[in-house]
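Please examine the model shown below.

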Amino acid sequence: HEGPRRVKRAWVIPPISVSENHKRIPHLLVQIKSDKQQPGGVIYSIKGPGVDEEPLGIFSIDKFSGKVFLNAMLDREENDRYRLRAFALDLGGVTLEDPTDLEIIVVDQNDNRPLFRQDVFTGHVVEGAEPGTCVMTVDATDADDPDTDNAALRYSILDQGTNGMFSINATTGEICTTRPGLDRETMGVYNLTVQAADMSGDGLTTTAMAVIYLEDINDNPPEFTKEEFSMEVEEQAAGVDVGKVFVHDKDLAGSPSWLAKFTILEGDPEGAFAIRTDPHTNDGVLSLVKPLDHEVRDRFELTLSVQNERPLEPTAPASPRALATVRVRVRDVNEAPVFRENPRRISVLEGTPPGTPITTYTASDPDTHQIQTLTYALLYDPADWLQLDPHAGTVRTKRELLHPSAFLQGGWYIALVLARDDAEPPLSATGTLSIEILEVNDHAPQLQPPAGVLCGRPGRGGTLLLGATDDDRPPHGAPFHFQLSPQHPQLARNWSITRFNVTHAVLAVLAELPEGPYSLPLLLRDSGTPPREQQQLLNVSVCHCGRDGTCQDGVLAAATAGAGITLGALLIILGSILLLLVLAALGAARVRGRRRALRKGLLERSRDDMRDNILNYDEQGGGEEDQDAYDINQLRHPELFSPRAKPPLRRDAPLSSGTPMAPRKLPNSPSDIEDFINEGLEAADSDPSVPPYDTALIYDYEGSGSVASPLSSIVSSLTDEDQDYDYLSEWGPRFRRLADLYG
């Protein structure tokens, strides 16, 4: 019977604490020891952060004694503790003990000053605030251990001037007022130096600035600088400034508590005067809104009051100079015409046709006791858009008003009209005519681009981004509405269009389509008033889809080239080619007709001419029937065409052609007439100075329809008609054989 066995507990190393910034290096932290001692000894080792992990080299161990050393200074703000593993092995590397944890805790030191979150803190509080009004909060941080006094912060005000108007909560850093009497007019800004200290106020310190601005309230009323003001104005001067009244206000310049508001209390029952506030100087500007007539009234006495735009605070004192008197004297002057409405503002639709009346802009002459006539002229019309009736003042359009234009400023066109009376000397007035060119929705959106390429497989590249442009300006342009033409509902089976953004839509393929070109009629509509829409043709080339849903190389280029030509462009090209072919055919037919006409004329003339050409050339002629034949005397008497006589110039010969050769010598006998004719033909063809009909003679053609039968009839005639061929013997040696046969 064995008794209960005692189980030995594993070796345990308690946590080790070491202060940060320890300067005695190396420093022994602990010695670990295994209970299982071996005859040859125990080998100790440690692993973990600070040993074989980052940061390296902070801790080390003597492998025989088990002493653990600190080799570098520690910073708690970087690592507040290290967890290592300790190992015990025999000399053969066999584990003697299970690995145990070794925890090293870094003890904090007060080595970090507090830091304010910003160098300058800004706050605002109204002047006259009650004591205890909190303005702002300053805060700081400390990197030391928040569980120790090293990070326990306390706040204080080191400097705030001599008044001591503010205090700070030492724990929270909240700054509040402590005394009444904050007056912006006395001191508008307070600069406080605040401090934060750790160790509950006894440790390290840091400082920052707290700037407190006092916000103005209306506790000072405006005052006139004097009780009376004197001014002078010419009669019939409307819309002019008469003068200024000056005020003073102690409140913040530019604030509602400073801005003055003036009122005319008495002295202007007809409302001829107006007063406004100059926003820069806060003075009152007195102006005329109605013309004054010196003959009716020559002076005015006005009572003015002034107050702020924001009501006064109940505690503010009343001002003794809230009222002032203004005396205005009216000077008598020669009165010029006056435009009662200046400037005149009108609106005209863009594209208004020329000659359309747009307004009548006239002036009035205050000289009612004189009979005067006013005439009008355009003083300034930079785009030459207008024409003006010089007597009635009617303004008409001279050209179509277009938008946009370099002469428009913010959509407005400015012109000046001059009105002149016929007094001596004449006086004139200028009126400003401001014309607003209103945008009209006169353009439908255009598909851009009108063609594209996509893959014919749904869901994989079978989409095409469509866009549109509109020449109209907003709001008559985008957003655009894209849809398949309602006139072709069958397109919805294979195609769909969804909106992408205000200017684009996405065309998608719903069913797999064969490759090739497709023409899709689309309906595009803008958002104008009223909207404009237009049906346009989209040329789509469906290409062969690759594995990634894109068009394959080569196919895309071919499809793109084909899709780049729209149907309209293709029709124009084909029509142009057809027109060129028709014109070429007409030109060829015309030239051919001329040639046929010329040849026919030559042949018609040759019918008669050939009668002389086949006669014996030593005869004078062939009687009445030969009167129209070629004159053989031109061949027999070449002296008529000698170089002494200036030959007619051939218009069909080049300028560089040489002069004709000397006259040819006549043949000695009629038998040489053939050689003579051939030489004459060659000379005539190359002679630029003879009449054109010489070059057109056909000496070897007998003609058709001539009285003389052709030579072929001598052999081929099958008629029994008697003919006399004796005259053949008179034609020379070459025809004697014929004379013997038929004579």
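Helices (H or I, at least four residues) and strands (E, at least two) are DSSP runs, numbered from the N terminus. The model is predicted, so local features need pLDDT of at least 70 and side-chain atom pairs count only at pLDDT 80 or more, while totals for chains, interfaces and linings use all residues. Residues are numbered from 1 along each chain as its sequence is written, and side-chain values use heavy atoms, with hydrogens and water left out.

Q: In which strand is S287 placed?
A: The strand concerned spans residues 284-288. S287 belongs to this run, which is β23.

Q: Is S287 buried or exposed?
A: Buried means under 20% relative accessible area, exposed over 50%, and partly exposed in between (1.4 Å probe, protein chains only). The relative accessibility of S287 is 10%, so S287 counts as buried.

Q: Which residues does S287 touch, not counting residues up to four places away in sequence?
A: Contact means heavy atoms within 4.5 Å. With that exclusion, S287 touches V240, D241, V242, A272, F273, A274 and R276.

Q: Which residues are in contact with V30, leaving aside its neighbours within four places in sequence?
A: V30 is located in strand β2 (residues 27-31). Its contacts, with those neighbours left aside, are I16, G66, K67, V68 and L102.

Q: What separates the C-alpha atoms of V30 and I13?
A: Along the chain, V30 and I13 are 17 residues apart. Their C-alpha atoms are separated by 9.1 Å.

Q: How many disulfides does the rule count?
A: A disulfide is a pair of cysteine sulfur atoms within 2.5 Å. C134 and C176 are joined in this way, at an S to S distance of 2.3 Å, and C455 and C545 have sulfur atoms 1.4 Å apart. The count comes to 2.

Q: How many residues apart in sequence are the parts that C134 and C176 tie together?
A: The disulfide joins C134 to C176. C134 lies in strand β10 (residues 134-137) and C176 in strand β14 (residues 174-177), so the pair ties together parts whose separation in sequence is 42 residues.

Q: Is C134 buried or partly exposed?
A: C176 counts as buried, at 12% relative accessibility. C134 has a relative accessible area of 39%, so C134 is partly exposed.

Q: What is the torsion about the S-S bond of C455 and C545?
A: Both C455 and C545 are buried. Their disulfide is right-handed because the torsion about the S-S bond is about 130°.
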